[in-house]
Amino acid sequence: MTEPRNSTTAPTSNPHLIQWVKEMAALCKPDRIVWCDGSEDEKTRLYEQAVAEGVIQELDQKKLPGCYYARSNPNDVARVEHLTFICTPTKDEAGPTNNWMAPDEAYRKLGGLFDGAMKGRTMYVVPYIMGPAGSEMSKVGIELTDSIYVVLNMRIMTRMGKIALDMLGDANTFNRGLHSTLDVNPERRYICHFPQDNTIWSIGSGYGGNVLLGKKCLALRIGSVLGRDEGWLAEHMLILGVESPEGQMTYVAAAFPSACGKTNFAMMIPPKRFNGWKIWTVGDDIAWMRVGPDGRLWAINPEAGYFGVAPGTSMQSNPNAMQTVLKDTIFTNVALTPDKGDVWWEGKDGPIPADLIDWQGRPWTNASPEKAAHPNSRFTAPARNNPCLSRFADDPQGVPISAIIFGGRRASTVPLVLQSFNWTHGVFLGATLGSETTAAATGKVGVVRRDPMAMLPFCGYNMGDYFAHWLKMQHKIANPPKIFMVNWFRQHNGKFLWPGFGENMRVLKWIVDRARVARGAQETIMGWVPRPGDLDLSGLDISDEQIHEATKIDYREWKTELESQAEFFDKLGDRMPRPLSLWREMLLARVAERL
Ligand code: GTP
Ligand code: SPV
Ligand code: MN
């Protein structure tokens, strides 16, 4: 064996960083400490090592160059909301929608688990930036982890290594992330956030949003608190640019809950009818938005890669994603072909293979009643692979947002598209967003729950205060984006009414036109909706009846909906902003006129 060339001495003179790494190492007691620099050399070395350790497997390098396969523990395949805690000094700061633990208790409890957790292991020091290097909006984090899988994923998902240490310099402003997979036991699994210390401790998991600490933990939970304090918004939103045939660009940010279509929407290819139109991806999961000097809302994507849902991804539904995962991608919990060279998931193109190795490593045949890939199986792919990556994806200024869209997965009630009357009503639409639960988090799938702004699992402080922050932002934004609500998932007799995916361009076009004040619409009690003929449906095989069903507003259903919204609002008690409660009551009163 050749001597490892990994850097074991700190390539920084930042005294705060050196001191903290020393303290955490004293707690976790790793055999060695490796500082990651983000170089190509290091990448080659880490992949070789991960393969040798059996953490990942190499796929067919001719077919899928730079691609690898990973399986997580079957008990560890999604975010764990019931084990995720906001550890603020008071419970009230975390609010009724978050699990809360007192900071002392959390440090004590997790400290006990971290004590010696890395014995016999390596502690990787992973410096990373969320956001483009040098952007005023960007934040530096350091993740200490004993998982080489986490290091390899962070390499793709963030700007990782020397670039982050350079940006940090000697400052003490970095997020302190500590992670150990420990023994991957759900009994000893906790994801704890300490906003007042800019600190995240995650233990007992090796999967996704639980452990890639830059993503949900820093960019959303801690980020939302920073946004509140510094006057900006950290949101669970994709960012895309719509280019018209004349070359006019309009940027849109959209919040859909986990596994409800952000990645697909962000990479959409418009249908034939929209010849000359083009969608450019800025981000697929997270947006940081601040008010620019021109009074508009400007957004950056803090991430550098996509941790996307694999099942359902095909040349039919998302050709750009299929292109993106052809190289330098890590696949987690999908199925393997029998030769172990290629991957498969439900909904992939072509015939269903006769034989596979399933996500748990068991032989699988197409007669099997079980899924070959886990429903929350994912790809980790660099944004630079995306054929429709916006040339502003790395721009320190970000892009100016003209429309904000909220969307959930709703079989009934919520129409295909609706425009709010104004900012307050738009915030109301976001605050009352409901969606059926998905496999992205553990727990029952398909139950409608309130998921305000798609942030229920990601808001790092009291949701009532978060709504108030959204309302107050209006006073800072001289030229606010228009706010819309969409629903791709309305059903009739168990079938989706709207074809979705690329065809969502038809709705997006209406939104862009409305945001730029052009195309027609009708005012209803609930908001502005397209009249028959306002949506461009040419070339789409859809009946008048079907489009009516997809876009209609049924006041009986809305009565039930508005009543059910009260449960959530009541839960927030006196932290619930009055304007939103009054808006709900007003709508209920107006709906009564129609019944
Ligand atoms: P997270 O990464 O968990 O935040 O999810 P996401 O919001 O990026 O969701 P994604 O785009 O990965 O889509 C999740 C699932 O929804 C996939 O199985 C898609 O096939 C399906 N989906 C996406 N867009 C549409 C649509 O327009 N219509 C229908 N019916 N399904 C869709
Ligand atoms: C989500 O669940 O919203 C995701 C995947 O984007 S994870 O990174 O696991 O949170
Ligand atoms: Mn997400």
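Q: At the start of H12, which residue has a side-chain oxygen that reaches to the backbone nitrogen of glycine 464?
A: In this predicted model, the backbone nitrogen of glycine 464 is approached at the start of H12 by a side-chain oxygen. The two atoms come to within 2.8 Å of each other, and the oxygen belongs to asparagine 462.

Q: Which domains does ligand 2 lie between?
A: The residues that surround ligand 2 include Arg79, Lys215, His236 and Asp285. Residues of the shell are given both by the domain with bounds 7-35 + 77-230 and by the domain with bounds 235-301 + 393-552, so ligand 2 lies between domain 1 and domain 2.

Q: Which residue has a polar side-chain atom 2.9 Å from an oxygen atom of ligand 2?
A: Several side chains place polar atoms by the oxygen atoms of ligand 2. For histidine 236, the distance from a side-chain N or O atom to a ligand oxygen is 3.3 Å. Aspartate 285 likewise has a polar side-chain atom 3.3 Å from an oxygen of ligand 2. The distance of 2.9 Å belongs to arginine 79.

Q: Which elements give two or more residues to the shell around ligand 2?
A: Gly208, Gly209, Lys215 and Lys216 are among the residues that surround ligand 2. The elements that contribute two or more residues span 208-211 and 214-230, and they are helix H7 and helix H8.

Q: Which element gives the largest share of the shell around ligand 1?
A: Ligand 1 is surrounded by 22 residues, with Ala259, Lys262, Thr263, Asn264 and Arg378 the closest. At least two shell residues come from each of strand S18 (305-309) and helix H9 (262-266). The largest share amounts to 3 residues and comes from H9.

Q: Which residue has a polar side-chain atom 2.7 Å from an oxygen atom of ligand 1?
A: Proline 311 contributes a backbone N or O atom that lies 3.2 Å from an oxygen of ligand 1. From lysine 262, a polar side-chain atom lies 2.8 Å from a ligand oxygen. The value of 2.7 Å is found for arginine 378.

Q: From which domains does the shell around ligand 1 draw at least three residues each?
A: By class, this shell comprises 10 nonpolar, 8 polar and 4 charged residues. At least three residues come from each of two assigned regions, 235-301 + 393-552 and 306-385, which are domain 2 and domain 3.

Q: How many residues apart in sequence are the parts tied together by the pair of phenylalanine 114 and tryptophan 201?
A: The rings of phenylalanine 114 and tryptophan 201 form an edge-to-face pair, 5.4 Å centre to centre and with 75° between the planes. Both residues are buried. Because phenylalanine 114 lies in helix H4 (residues 103-114) and tryptophan 201 in strand S11 (residues 199-203), the sequence separation of the parts tied together is 87 residues.

Q: Which residues do ring pairs link into a cluster?
A: The structure holds 23 aromatic pairs. Among them is the edge-to-face pair of phenylalanine 114 and tryptophan 201. Ring pairs link these two and others into a cluster, whose members are Tyr107, Phe114, Phe194 and Trp201.

Q: Is aspartate 513 buried or exposed?
A: Aspartate 513 has its place in helix H13 (residues 505-515), and its side chain is joined to that of lysine 509 by a polar contact of 2.8 Å. The relative accessibility of aspartate 513 is 14%. Because the limit for this class is under 20%, aspartate 513 counts as buried.

Q: What is the relative accessible area of asparagine 493?
A: Asparagine 493 is found in the loop between strand S30 (491-492) and strand S31 (495-496). Phi of this residue is near 50°, a positive value in a residue other than glycine. Asparagine 493 is exposed, and its relative accessible area is 73%.

Technical notes: Residues numbered from 1 in each chain as written. Chains lettered and ligands numbered in written order. Predicted model: local features only at pLDDT ≥ 70, side-chain atom pairs only at ≥ 80, totals over all residues. Heavy atoms only, no water. Near = heavy atom within 4 Å. Polar contact = N/O pair within 3.5 Å; in protein donor to acceptor, adjacent residues only side chain to side chain. Helix = DSSP H or I, 4+ residues; strand = E, 2+ residues; numbered from the N terminus. Domains from an automatic or database assignment. Phe/Tyr/Trp six-rings, centres within 6.5 Å; stacked < 30°, edge-to-face > 60°. Buried < 20%, exposed > 50% of the residue type's maximum accessible area, 1.4 Å probe, protein only. Nonpolar A, V, L, I, M, F, W, Y, C, P; charged D, E, K, R; others polar.
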